Protein chains: 2
Amino acid sequence: MAKEKKMVEAITSMEEDFAQWYTDIVKKAELVEYSGIKGCMIIRPAGYAIWELIQKELDRRFKETGVENVYMPMFIPESLLNKEKDHVEGFAPEVAWVTHGGGEKLQERLCVRPTSETLFCDFYAKIIGSYRDLPKVYNQWCSVVRWEKTTRPFLRSMEFLWQEGHTAHATAEEAEARTIQMLNLYADFCEEVLAIPMVRGRKTDKEKFAGAEATYTIEALMHDGKALQSGTSHNFGDGFAKAFGIQYTDKENKLQYVHQTSWGMTTRLIGAVIMVHGDNSGLVLPPAIAPIQAVIIPVRQDKEGVLDKAYELGTVLKGFRVKVDDSDKSPGWKFAEHEMRGVPLRIEIGPKDIEANQAVIARRDTNEKITVSLNELEAKVGELLATMQKEMLERARVHRDAHTYSATNMEEMMDVAENKSGFIKAMWCGDVACEEALKEKAGVTSRCMPFAQEEIAKTCVCCGKPAKALVYWGKAY
Amino acid sequence: MAKEKKMVEAITSMEEDFAQWYTDIVKKAELVEYSGIKGCMIIRPAGYAIWELIQKELDRRFKETGVENVYMPMFIPESLLNKEKDHVEGFAPEVAWVTHGGGEKLQERLCVRPTSETLFCDFYAKIIGSYRDLPKVYNQWCSVVRWEKTTRPFLRSMEFLWQEGHTAHATAEEAEARTIQMLNLYADFCEEVLAIPMVRGRKTDKEKFAGAEATYTIEALMHDGKALQSGTSHNFGDGFAKAFGIQYTDKENKLQYVHQTSWGMTTRLIGAVIMVHGDNSGLVLPPAIAPIQAVIIPVRQDKEGVLDKAYELGTVLKGFRVKVDDSDKSPGWKFAEHEMRGVPLRIEIGPKDIEANQAVIARRDTNEKITVSLNELEAKVGELLATMQKEMLERARVHRDAHTYSATNMEEMMDVAENKSGFIKAMWCGDVACEEALKEKAGVTSRCMPFAQEEIAKTCVCCGKPAKALVYWGKAY
């Protein structure tokens with residue numbers, strides 16, 4: 001029992017030190033191991049299985065909207081990266097350069113892709129000729145490298161896994177529609193699958209992607225009140241098309257530039273799941289992305305018939321992702337271990353349960369214990385998983401809303417920024433100088449101009465001039 | 001009609017120039033586009049969709065045997081690569097080096113992974129402590145880079161996609177069993193899914209993997225009589241474990257070294273599919289990995305009811321990967337296009353067919369045309385796909401067997417090597433000098449010592465000394 005307690009005690013409580021709590025979970029739930037290279041993480045089976053479930057469901061949703069997958073090279077020649085001015089300025093400082101290959105110095109340096117706009121543009125310039133070739137709605141799943149100074153598993157790492165969609169369209173309207181479509185797809189996915197409510201909106205010019213005309217974003221609130229940018233969708237207009245010469249002949253046989261978009265989500269989502277749902281016993285996984293949705297733990301498995309019954313229940317529940325933990329550890333140890341790993345349901349079955357034709361189900365999120373007749377086990381497990389998925393989203397929404405504040409002048413802004421943690425809604429005049437002032441004075445950055453605009457004041461929270469938009473501000477990861 | 005013919009004529013016939021025929025298919029079937037970096041290919045949707053189907057089925061088979069997926073960093077520090085002597089000698093000459101990151105020169109160079117043995121070993125040394133931690137049966141799907149001088153799409157490229165399994169076991173016996181298990185899994189997959197028969201065997205010491213005790217291989221014969229190594233599985237013994245210090249305490253509390261394996265298959269498999277099944281009209285895909293298994297082509301789609309009927313049949317066939325080609329191209333153009341892309345079944349439906357409640361199905365592999373009542377369409381499509389899958393394997397086997405020769409002395413060997421193309425079965429004394437002599441004189445390399453050994457002579461085909469094993473020799477990609 002001492003050992004069992006130790007396992008749980010080994011996590012710092014989130015109230016004591018949220019950053020350490022996060023790191024502890026990442027390690028103790030065996031999601032990640034550090035590699036010999038600073039900022040590069042090893043994603044272990046328990047972490048990668050979550051990513052596989054995220055990929056599978058996102059990819060299914062992509063394909064329903066006509067997305068096709070491709071694979072582009074991981075290297076970008078320096079001259080290609082340099083083709084779009086804003087883009088190279090944004091990324092060049094943080095790339096890794098390959099200078100030697102096959103024992104020789106290369107004539108031109110190759111950067112390891114930080115993102116693949118330039119490769120897709122080069123490709124599209126080759127394969128797009130006529131309006132019949134449009135739209136192109138391509139995506140790739142891959143890893144990218146950005147030379148980050150301070151790194152944290154999942155949240156910010158030198159190499160991370162992601163998907164990057166890159167599309168080309170005949171008209172500006174179609175490109176804008178695709179940009180918004182993918183942002184909404186991302187937000188729906190996060191809410192329905194990850195049980196994380198999102199604020200959907202547009203980035204200010206200061207915060208938009210290097211080379212984009214407009215960047216849209218989904219922003220989530222973590223348990224500690226900090227914001228996490230969880231996915232972005234960019235409308236490039238015809239800027240890249242002009243830099244790369246991507247033209248098509250329209251139905252009137254006139255040459256036109258294409259209009260482009262790109263959009264991406266990353267393994268950072270796993271960090272969001274940890275920081276929105278986790279508690280002081282470890283990870284709490286929404287059933288939709290839990291690699292194991294229910295673990296069956298035999299109690300007194302040395303007693304005749306107990307293990308057999310556990311296996312039998314495993315068969316009854318084969319429609320779910322279920323595991324029978326028949327290892328020789330004590331039940332208490334197993335309880336703590338599966339709690340740490342965030343398994344949604346624990347099903348206990350012992351000699352007395354067998355006699356009474358029942359089992360005890362414990363919910364990971366509420367700790368609620370329910371005694372269920374074995375005849376109803378399958379139906380009950382399905383019901384509990386669905387309820388849990390729904391309630392986790394609802395709880396996160398309540399937490400988010402309870403930590404969303406308003407400020408109508410600088411005094412209020414400073415007060416909230418100092419004494420609360422969460423989103424701060426405040427009006428903005430549209431001037432980058434006010435964004436900079438708010439960052440310096442209150443330590444907050446603009447997260448987004450939400451699609452759901454309200455007018456909570458007439459004037460900019462910072463300068464007092466007429467306001468142009470409501471902005472969500474916050475401290476961010 | 002001229003245009004339609006042109007599309008097909010644009011492929012060089014395989015009898016005229018097999019290499020050019022291959023390149024033509026790769027381009028015309030839109031599997032690959034060349035990128036600006038020599039030897040790096042862009043895998044287009046038609047090519048990537050095949051890879052996704054290969055991945056899905058292989059991954060399913062892996063997981064049935066207990067494999068868990070992980071993700072390792074794409075960079076290897078130079079000092080880590082250098083830890084196992086044979087391994088670094090094998091790979092160092094062909095790696096790409098990152099020397100700069102984030103605007104600064106790195107203190108230690110990082111190589112872009114050519115394979116990840118060293119990373120897995122470093123990881124295993126950290127996480128394996130006791131016999132309870134064994135076995136570890138991990139795999140990753142990723143891309144790797146090898147600086148090749150001459151490259152060809154899918155067959156040999158600077159960057160390619162693959163999976164690499166890396167396992168650690170308590171005993172030598174268990175490691176050997178896993179090595180053989182994965183080789184057989186690979187061979188079964190190739191035969192059942194890709195419809196490509198494989199020779200299963202062991203590599204000679206000369207041809208084995210850098211750092212391995214034993215390398216097992218599956219070898220296929222392409223249409224031109226050249227061999228293609230299609231998958232390998234390596235038993236490392238405890239060599240890497242000793243170099244990296246991967247030890248565990250056994251049940252008697254004694255320190256032991258683990259025994260390791262690794263095994264991989266790559267996008268090269270797509271090259272094999274092209275070269276085994278393709279013909280002078282283009283690609284021919286086995287139904288199991290065809291992204292589109294049946295294409296429905298409306299004939300006279302301008303006539304009322306034809307397009308509607310085509311969509312209706314699409315719904316009837318929704319259990320298959322089916323597409324209705326409702327584009328405004330001519331039927332003849334569509335026929336040629338889907339032939340080029342290797343779609344297994346073409347279903348033609350026109351006004352007369354509708355009147356007769358029938359459709360015409362054309363098989364891609366045999367060109368056979370079958371008239372089917374619409375009431376039986378679904379059953380017939382299922383049946384034809386199954387038959388085609390089976391017959392494609394059978395045809396490839398007949399071709400392979402017809403191009404497998406025997407040689408019992410050097411004269412016969414030279415004769416076959418010069419005048420035939422295919423596998424050559426011949427006995428070998430076990431001496432590397434004879435392998436080198438055969439390469440120089442006959443231009444053949446040892447493909448493998450097949451599991452199914454025969455004694456076709458008593459003496460080595462090269463030196464006449466007593467033979468130790470039957471070897472498959474051949475010219476290889």
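**Notebook: the A/B contact and a few spots inside the chains**

I started with the contact between the chains, which takes 52 residues from chain B and 53 residues from chain A; contact here means heavy atoms within 4.5 Å. This is a predicted model, where local features need pLDDT of at least 70 and side-chain atom pairs count only at pLDDT 80 or more, while totals for chains, interfaces and linings use all residues. Residues are numbered from 1 along each chain as its sequence is written, chains are lettered from A and ligands numbered from 1 in the order in which they are written, and side-chain values use heavy atoms, with hydrogens and water left out.

**Entry 1: the interface**

I looked up the area buried between chain B and chain A, and got about 4,300 Å², of which carbon and sulfur atoms give 63%. Buried area is the accessible area (1.4 Å probe) that two parts lose on being put together, summed over both. On the chain B side, B:P45, B:Y71 and B:M74 lose the most area to chain A, together 14% of what that side buries.

Next I checked charges: four salt bridges cross the interface of chain B and chain A, a salt bridge being a side-chain nitrogen of Lys or Arg within 4 Å of a carboxyl oxygen of Asp or Glu. I noted a salt bridge between the side chains of A:K63 and B:E52, at 3.1 Å, N to O.

Which strand gives the largest share of the side of chain B that touches chain A? I found strand β5 (residues 96–101) of chain B, with six residues; strands (E, at least two residues) and helices (H or I, at least four) are DSSP runs, numbered from the N terminus. Strand β5 of chain A runs antiparallel to β5(B), joined by five bridges; two strands pair if DSSP finds at least two bridges between them. I see A:G101 standing opposite B:A96 in β5(B).

**Entry 2: A:H338**

I found A:H338 in helix α11 (residues 331–340) of chain A. Is A:H338 buried or exposed? A:H338 counts as buried, at 6% relative accessibility; buried means under 20% relative accessible area, exposed over 50%, partly exposed in between (1.4 Å probe, protein chains only).

Its side chain makes a polar contact of 2.8 Å with that of A:D325. For a polar contact I need a pair of N or O atoms within 3.5 Å; within protein, one must be able to donate a hydrogen and the other to accept it, and residues adjacent in sequence count only if both atoms are side-chain atoms. Leaving out residues up to four places away in sequence, A:H338 touches A:V295, A:I297, A:D325 and A:V343.

**Entry 3: helix α2 of chain A**

I went through helix α2 (residues 18–28) and listed its buried residues, among them A:F18, A:W21 and A:Y22. Their cover includes β1 (32–34) and α9 (268–277) of chain A. At the start of α2(A), a side-chain oxygen of A:D17 comes within 3.2 Å of the backbone nitrogen of A:A19. After α2(A) comes A:E30, with a positive phi near 60°.

**Entry 4: salt bridges**

I get a count of 76 salt bridges over all chains. One of them links A:E391 and A:R363 at 2.8 Å, N to O. A:E391 lies in helix α13 (residues 377–402) of chain A and A:R363 in strand β18 (residues 358–363), so this pair ties together parts that are 28 residues apart in sequence. A:R363 is buried at 4% relative accessible area, whereas A:E391 is partly exposed at 32%.
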